[in-house]
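Colleague: I've got this one open on my screen and I'd like a close look at how the inside is put together. Could you pick one part and walk me through it?

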Amino acid sequence: PVASAGVRVRRLLRSHSSQTSPAQPETTMSEDVPFFTALASGAVAGVSVDVALYPIDTIKTRMQSPQGFFKAGGFNGVYRGITAAAAGSAPGAALFFASYETGKTFFNKNISSPAGAQMAAATFAETMACLVRVPTEVVKQRMQTGVYTSMLVAVPDIIKKEGVMGLYSGFGITVMREIPFSAIQFPIYERMKLAWKNAQDAPLAPWQAAACGSIAGGFSAAVTTPLDVIKTRLMLGADAEGVKYTGTVDVVQRVIKDEGAKKMFSGIQPRVMWISIGGFVFFGAYENARKYITMATEK
């Protein structure tokens with residue numbers, strides 16, 4: 001989901017930073033990079049991922065739409081809604097990093113397991129970031145499926161018809177999607193890195209960690225696709241006949257009854273591709289942004 005690709009690969013970066021050796025300071029973040037540098041670099045990288053891979057996300061959303069792929073727009077206008085995505089990427093990333101750093105300090109004092117503290121901090125950060133991400137997703141997905149043609153039209157119309165909370169349709173399921181995604185992704189990611197490190201008897205290079213993250217993220221994306229379908233339907237608001245969805249259970253029951261259980265995995269191919277590729281895009285964007293920001297601040 002757009003979980004967005006940017007958020008998921010930012011998780012990989014944090015985990016990757018703990019695995020790099022002292023001889024490779026350019027790949028660390030939390031300890032060696034100033035907080036605001038990491039914050040700004042992460043925001044730039046998040047925007048880069050969301051914008052670069054946006055067409056894949058549009059195709060995924062249209063495949064999950066109740067109207068069907070072609071009625072929702074097919075391959076036409078795959079950049080529709082990109083203004084909403086771009087507008088939410090940077091502030092969403094900034095809120096995520098700020099919440100993560102704050103949460104990490106708190107949970108490290110109250111949870112004995114470092115991995116448990118990291119997971120708790122990430123969960124807290126995901127929840128906080130959703131305050132920005134969910135309204136962005138709602139507007140973006142309705143533009144992607146042709147409900148609106150402009151963000152300036154979408155936002156006031158949604159508020160007029162559904163109230164402010166209409167912008168937060170699917171908030172709960174979005175948070176619920178991110179938690180199991182992390183629970184599946186992290187063990188696979190860490191195990192793959194450890195196995196690879198032991199096999200070559202040397203710390204992993206950035207591209208190797210990125211490869212592990214890509215595989216772990218792709219698998220986690222596939223497994224959590226049903227949650228992403230539910231999120232998309234709730235954010236779109238209604239089925240093909242215009243009948244509004246009332247909640248998660250209602251979506252599941254109606255989708256399976258009207259469209260078959262297979263529909264719960266619609267969009268799995270572009271979702272897996274989007275999240276897998278996103279890891280590689282993010283690392284390049286992050287490192288370049290951080291390098292230039294560091295150079296600018298040193299001057």
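Modeller: Arg 271 sits in helix 11, residues 268-298 (helices are DSSP runs of H or I, at least four residues, numbered from the N terminus). Arg 271 is buried, at 0% relative accessible area (buried is under 20%, exposed over 50%, partly exposed in between, with a 1.4 Å probe and protein chains only). A polar atom of the Arg 271 side chain lies 2.9 Å from the backbone oxygen of Ala 221.

Bear in mind that this is a predicted model, where local features need pLDDT of at least 70 and side-chain atom pairs 80 or more, while totals for chains, interfaces and linings use all residues. Residues are numbered from 1 along each chain as its sequence is written, and side-chain values use heavy atoms, without hydrogens or water.

Now for the largest nonpolar core: 12 residues, including Ala 84, Tyr 148 and Met 235 (a core is a set of buried Ala, Val, Leu, Ile, Met, Phe, Trp, Tyr and Cys residues joined through side-chain atoms within 4.5 Å). Helix 5 (114-144) and helix 6 (151-162) each give two or more residues to this core, and helix 5 has the largest share, with five. Where these helices meet, Val 138, Val 139, Arg 142 and Met 143 of helix 5 touch Met 151, Ala 154, Val 155, Ile 158 and Glu 162 of helix 6 (contact means heavy atoms within 4.5 Å). Leaving out residues up to four places away in sequence, Ala 84 touches Thr 136, Val 139, Lys 140 and Met 151.

Definitions and conventions. Polar contact = N/O pair within 3.5 Å; in protein donor to acceptor, adjacent residues only side chain to side chain.
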